[in-house]
Amino acid sequence: MERPLTTPAPASAEGARAYLDLLAREASALEFEGPILQARAAGADAATLEELEQAKVAALKVRAMLRRRARREAELSALFDTAGDLAGLRDLDAVLEAIVHRARQLLGTDIAYMTLNDPERGDTYMRVTDGSISADFRRLRLAMGAGLGGLVAQTGTPYNTADYFADPRFRHTTTIDGAVQEEGLVAILGVPLRLGPQVIGVLFAANRSARPFAQEEVALLCSLAAHAAVAIDTARLLQETRAALAELSGANAVISAHSQAIERAADAHDRMTGLVLRGGGVEDVAAVVTEVLGGRLTVLDDEGRPLVGEARELDAGVFDAAQSSRALGRTVKRGDAYVASVDVGAAPLCTLVLRTDRPVSDTDQRILERAALVTALLLLFRRSVAEAEGRVRGELLDDLVSRPELRGLRDRARRLGVDLDAPHVLVVARHDGQRERAAFWASSQATLAHGLAAARGDEVVLLLPGDRPGALARRVAAELTASLGRPATAGAAPAAGPGTGQAGEPGGGPVTSVAAAYAEARRCAGALVALGRTGDGASAEELGFVGLLVGERREVAGFLSGVLGPVLDYDARRGTALVTTLTAYFGTGGSLSRTAEALHIHVNTVTQRLDRVGQLLGVDWQEPDHALEIQLALRLHRLRTHMPDA
């Protein structure tokens, strides 16, 4: 028997539509009780209420299914976005921060964070956090096996707890519990970050109130952890790839630079060799070095004096480096200076000092060393030529001093570039030892000045162009002293002037006067030593009354002019009697009153005249040495006054 068809009650139909509306606007579960309550209030029968109850249950199931699908779509979207982040990975920190942030959003937790294992320290440390408020928590490190995170990192198994502090499964420590408590965490979920069988860290989601974590939430966090592990591994591979590319690029750059350095070294070698063959000098070699290597170059000779560059750039460290360079046979660096030095027979020959702001490669240092060798060869060649020429010049000067009667002396001098008819000064310089260095110095000076030089025992003799014996003697004494590092004393005398030479030697005055000038210069040097003026230089005219003893010409007029000239001129111009007063003053033993009596003048007048003498002759005119010269000059002046031919 068939059941008769029935038509649903209007109240039931309206309830179904109400549930559809609730589903459409994604109402909360509590709102789904509304239609039943309304029907019961309207007096619906039990069948209608039962039907509405079934509709409610079905609607809630549909609601739960829709929410699961929406959540799944969000999870898939998040995983898709994460995969996109990995595909365009540029910044590992940004990718990890995005993963942690998505984990927090999808699981709806108060905080999410990630720790990574530290193989060197054997623990795990905080890498990224999202939602953290505690600085101590962000600096937290977990020992393997300690706390929930340490247990996950050690075992590689996900762990979660609805109430961390009440869960006895975890090994609690003061440090970890203090940081977790400061952050206010209660419920914690941690899943491992895996690369194959290796656990490299832990991804966490945590809440500040008690809550359970569903299995799908664990699975979701594991998926995000897998993406994070891939991101870390990808970043590692990218870093290794970039490092490999950088290493290859660096190796290529090194090879290229090395090749260029070799070509530069070969070019520099060819240029320096060509300079030597073409007769170039030290300055030309230095120009090649600075052009190739840059910087500022100073070239020092065997005595440390600059041949090229300035001495003000040198210091004690440079000379120590030069000694080390000679010992090692290599360039030595001191500060911003690169020093290459060459020696011959354990004696320094030359040193090159290159100052530059940029590092100098080993290959470029070889260029500097090669330049030092080329410079040493040039200096040796120059020294050999100088020694040969020095012997010729020395022999000529010896003949001028010892055998002036020889014919052809002027022709020999002319071939050496020496004009014996021009004014010359003969200088004798006494020194104490280092004969070879003194001879070399004198030969170099003579060559540069177009003069002559010879070595005789502990003295060097120079015949140099000039007409100022005293000034030249002082210069020779000072420069030879600096070269030897010990005092050298020089006497000088003029060795030129018009005169009649010997037969066959027209205009031979200078030739025949060299021997006499040599004798006078030697006496001057000896007088300086006797007077305690070692290291000084002077001519006979500058030695005062001593010059009358050592000079060949007995220059009385010059002596008088040098000692009494200002007083004599003053008397001549003013008609005064200063010379007479001085004579009386010394004649009375320096007594003012007796001088006044002898001259029949007042003592004040004597005092005024002597003050004037002090102004003319200097405040030290009464010092013993000066007074002696003045008294001698007064006597000579008196003799000349009474003996005009004297």
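**Helices 18 and 19**

I looked up how helix 18 (residues 578-587) packs on helix 19 (residues 592-599) in this predicted model. Their axes are 9 Å apart, and the angle is about 125°. Axes here are lines fitted to C-alpha atoms, for helices over the stretch in contact, and angles run from 0 to 180 degrees between N-to-C directions. Helices (H or I, at least four residues) and strands (E, at least two) are DSSP runs, numbered from the N terminus.

I noted that helix 18 and helix 19 are therefore oblique to each other. Angles under 35 degrees count as roughly parallel, over 145 as roughly antiparallel, 65 to 115 as roughly perpendicular, and the rest as oblique.

I then listed the contact residues (heavy atoms within 4.5 Å). Helix 18 gives Thr580, Thr581, Ala584 and Tyr585, and helix 19 gives Leu592, Thr595 and Leu599. I sorted this contact by class: four nonpolar, three polar and no charged residues. Ala, Val, Leu, Ile, Met, Phe, Trp, Tyr, Cys and Pro count as nonpolar, Asp, Glu, Lys and Arg as charged, and the others, Gly among them, as polar.

**Ground rules**

Residues are numbered from 1 along each chain as its sequence is written, and side-chain values use heavy atoms, leaving out hydrogens and water. As the model is predicted, local features need pLDDT of at least 70 and side-chain atom pairs count only at pLDDT 80 or more, while totals for chains, interfaces and linings use all residues.

**Salt bridges**

Side chains of opposite charge can pair when their charged atoms come close. I used this rule: a side-chain nitrogen of Lys or Arg within 4 Å of a carboxyl oxygen of Asp or Glu. The count comes to 21 salt bridges.

I checked aspartate 93 with arginine 127: the closest N and O atoms are 2.7 Å apart. Aspartate 93 sits in helix 4 (residues 92-107) and arginine 127 in strand 2 (residues 123-130), so the pair ties together parts 34 residues apart in sequence. Aspartate 93 is partly exposed at 34% relative accessibility. Buried means under 20% relative accessible area, exposed over 50%, partly exposed in between (1.4 Å probe, protein chains only). Arginine 127 is partly exposed too, at 29%.

Next I took aspartate 336 and arginine 355, with closest N and O atoms 2.8 Å apart. Aspartate 336 is partly exposed at 34%, whereas arginine 355 is buried at 9%.

Last, I found aspartate 364 bridged to arginine 358, at 4.0 Å between the closest N and O atoms. Aspartate 364 is buried at 2%, but arginine 358 is partly exposed at 36%.
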